[in-house]
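Reader: Could you walk me through this one? I'd like to go from charges to fold to overall shape.

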Amino acid sequence: MAHYMDTSLHYFRTSGEEPRAVGSLELGSFAHDTTLDPIGNRLAVVHDVARKVTLLSLHRPAAGEALEDPTVI
């Protein structure tokens with residue numbers, strides 16, 4: 001989850017009954033929008049004020065497998 005009033009990307013585990021926060025990644029500027037490529041496991045975060053896009057590589061773990069932090073590419 002990225003929010004326009006927060007400079008961090010927060011990520012959650014959704015394989016259980018309730019989503020649970022598992023980490024965050026500082027992006028350096030506020031997020032304006034996001035888009036997900038579920039086939040390529042990429043997340044693009046648009047920073048309107050900074051006029052930049054952060055592209056992240058995502059890991060999609062199986063149930064019970066450890067969640068890895070997103071990687072900025």
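Reader: How far apart are the mean positions of the positive and negative charges of the protein?

Author: First, this is a predicted model, where local features need pLDDT of at least 70, side-chain atom pairs count only at pLDDT 80 or more, and totals for chains, interfaces and linings use all residues. Residues are numbered from 1 along each chain as its sequence is written, and side-chain values use heavy atoms, with hydrogens and water left out. Lys and Arg count as positive, Asp and Glu as negative, while His and the chain ends are not counted; each charge is placed at NZ of Lys, CZ of Arg, CG of Asp or CD of Glu. For the 6 positive and 10 negative charges, the mean positions are separated by 5 Å.

Reader: Which residue in strand 2 is the bridge partner of H10?

Author: Strands here are DSSP runs of E, at least two residues, numbered from the N terminus, and two of them pair if DSSP finds at least two bridges between them. Strand 1 (residues 8–13) and strand 2 (residues 20–26) pair in the antiparallel sense over six bridges, forming a hairpin with six residues between them. Within strand 2, H10 has as its bridge partner S24.

Reader: What is the radius of gyration of the protein, and why does it agree with a compact globule?

Author: The radius is taken over C-alpha atoms, and the globule rule is 2.2 Å times the number of residues to the power 0.38. With 73 residues, a compact globule would come out near 11 Å, so the protein agrees with its 12 Å.

Reader: What share of the residues counts as buried?

Author: Buried means under 20% relative accessible area, with exposed over 50% and partly exposed in between (1.4 Å probe, protein chains only). Of the 73 residues, the buried share is 19%.

Conventions
Helices (H or I, at least four residues) and strands (E, at least two) are DSSP runs, numbered from the N terminus.
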